[in-house]
Amino acid sequence: MKGNGNDISMGDVPLEKKSKLNPLQGELDPNSSDHVVAMTQLKETIASLQKKVQQKEMELLSKDKLITELKAQHHNDTTDLRIEMKSKERLNETKFSLMNSKIQNLLKEVATLSKSAKRNNKNVKSLTNDNSGSGTDSPSTN
């Protein structure tokens with residue numbers, strides 16, 4: 001070895017130059033599998049997390065599909081109910097109009113019958129008043 005204080009050499013190349021040429025040589029042993037194990041564990045963790053993310057995405061898609069189907073069903077049900085309600089409303093309006101016209105016709109009939117009944121009563125009274133004489137009529141000869 002050469003006796004220079006700055007140059008600690010291993011062989012012909014100083015340690016500083018060796019670490020610049022191969023940066024892993026100074027800190028990690030190339031024969032050690034620690035970094036390989038760590039990389040493998042990280043890859044496994046990444047793979048499991050990717051599977052979890054994929055499962056969550058599938059769940060979200062499934063739930064989105066269900067939500068969409070439920071919204072469509074709700075829309076259809078609402079539309080059907082509105083149509084049914086309008087139909088029943090029209091039917092009720094028709095029945096209401098029919099009943100009102102029947103009431104009007106019956107009221108006219110009642111008024112007509114009342115007038116004719118009053119006329120009949122007047123005629124009956126006048127006939128009974130005409131036949132009730134003073135009693136001085138000639139007696140009938142039998």
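Mentor: Before we start, a salt bridge here is a side-chain nitrogen of Lys or Arg within 4 Å of a carboxyl oxygen of Asp or Glu. Keep in mind that this is a predicted model.

Trainee: Where do Glu-84 and Lys-88 sit, and how far apart are they along the helix?

Mentor: Both belong to helix H3, and because they are four residues apart there, about one helical turn separates them.

Trainee: Is Glu-84 buried, exposed or in between?

Mentor: Glu-84 counts as partly exposed, because its relative accessibility is 39%, and the partly exposed class lies between under 20% for buried and over 50% for exposed. Lys-88 is partly exposed too, with a relative accessible area of 47%.

Trainee: New topic: which residues form the positive surface patch?

Mentor: That patch is made up of Lys-115, Lys-118, Arg-119 and Lys-122.

Trainee: And where is Arg-119 placed?

Mentor: Arg-119 lies in helix H3, which covers residues 34-131.

Trainee: Why does Arg-119 count as exposed?

Mentor: Its relative accessibility is 55%, and exposed means over 50%.

Trainee: Zooming out, what pattern does the protein chain follow along the sequence?

Mentor: The pattern reads β-β-α-α-α, with three helices and two strands in the chain.

Trainee: What share of the residues count as buried?

Mentor: Of the 142 residues in the protein chain, 1% count as buried. The chain exposes about 13900 Å², and carbon and sulfur atoms supply 57% of that area.

Key:
Residues numbered from 1 in each chain as written. Predicted model: local features only at pLDDT ≥ 70, side-chain atom pairs only at ≥ 80, totals over all residues. Heavy atoms only, no water. Patch = residues over 30% accessible without salt bridge, like charges linked within 9 Å, V, L, I, M, F, W, Y side chains within 5 Å. Areas by Shrake-Rupley, 256 points an atom, 1.4 Å probe, with all protein chains shown as cover. Lys, Arg positive; Asp, Glu negative; His and termini not counted. Charge placed at Lys NZ, Arg CZ, Asp CG, Glu CD. Buried < 20%, exposed > 50% of the residue type's maximum accessible area, 1.4 Å probe, protein only.
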